[in-house]
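Let us go through this structure in questions and answers. Each answer ends on the name or value asked for.

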Amino acid sequence: MAELPVILTPGEDGFLVAECPIIPGCISQGRTREEALDNIREAIELCLENRESEGWELPAEYEVVRISLTQSNSPK
């Protein structure tokens with residue numbers, strides 16, 4: 001069982017957008033947090049099934065970090 005990073009952000013349409021940043025193009029969405037996570041889990045599984053035919057590999061290692069920005073550089 002693997003654990004992969006997922007980023008949740010609010011979409012313009014009111015849905016939550018879920019993205020797995022270490023898998024190219026692996027994005028989904030849902031009306032609720034639970035639905036978004038269920039949908040991205042399914043998308044991740046499909047991406048992993050097709051990775052060899054699509055020509056990419058899951059990174060063996062990665063690090064998730066948070067970067068602090070000064071207020072003048074923060075998104076508004």
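Q: Which residues of β3 lie on the covered face, and which on the uncovered one?
A: Strands here are DSSP runs (E, at least two residues), and helices are runs of H or I with at least four, numbered from the N terminus. I27 and Q29 make up the uncovered face of β3. The covered face holds S28 and G30.

Q: What kind of model is this, and how are its values taken?
A: Residues are numbered from 1 along each chain as its sequence is written, and side-chain values use heavy atoms, with hydrogens and water left out. Local features need pLDDT of at least 70, side-chain atom pairs count only at pLDDT 80 or more, and totals for chains, interfaces and linings use all residues, since the model is a predicted one.

Q: Is S28 buried or exposed?
A: S28 sits in strand β3, residues 27-30. Buried means under 20% relative accessible area, exposed over 50%, and partly exposed in between, with a 1.4 Å probe and protein chains only. S28 has 18% relative accessibility, so S28 counts as buried.

Q: Which residues is S28 in contact with, leaving aside its neighbours within four places in sequence?
A: Contact means heavy atoms within 4.5 Å. The partners of S28 are L16, V17, A18, N39, I40 and A43.

Q: In which sense do β2 and β3 pair, and which residue stands opposite V17?
A: Two strands pair if DSSP finds at least two bridges between them. β2 and β3 have 4 bridges, in the antiparallel sense. L16 stands opposite G30 in β3.

Q: Which residue in β2 is the bridge partner of L8?
A: Strand β1 covers residues 7-10 and strand β2 covers residues 16-19. They pair in the antiparallel sense over 4 bridges. In β2, L8 has as its bridge partner A18.

Q: Which residue in the hairpin of β1 and β2 takes a positive phi?
A: This hairpin has 5 residues between the strands. The phi in question is near 90 degrees, and the residue is G14.

Q: How far apart in space are E19 and E45, C-alpha to C-alpha?
A: E19 lies in strand β2. E19 counts as partly exposed because its relative accessibility is 34%. E19 and E45 are 26 residues apart in sequence. In space, C-alpha to C-alpha, the distance is 13 Å.

Q: Is A36 buried or exposed?
A: A36 has its place in helix α1. Leaving aside neighbours within four places in sequence, A36 is in contact with L8, L16, A18, Q29 and G30. Its relative accessibility is 0%, so A36 counts as buried.

Q: Which residue forms a salt bridge with R41?
A: A salt bridge is a side-chain nitrogen of Lys or Arg within 4 Å of a carboxyl oxygen of Asp or Glu. By this rule the count is 1. The closest N and O atoms are 3.3 Å apart, and the partner is D38.

Q: Which residues form a nonpolar patch on the surface?
A: Patches are made of residues with over 30% relative accessible area and no salt bridge; like charges are joined within 9 Å, nonpolar side chains (Val, Leu, Ile, Met, Phe, Trp, Tyr) within 5 Å. Accessible areas come from the Shrake-Rupley method with a 1.4 Å probe; for residues, only the protein chains shown count as cover. V65, in the segment after α1 (33-54), is exposed because its relative accessible area is 51%. Together the patch has about 320 Å² of accessible area, and its residues are V65, I67 and L69.
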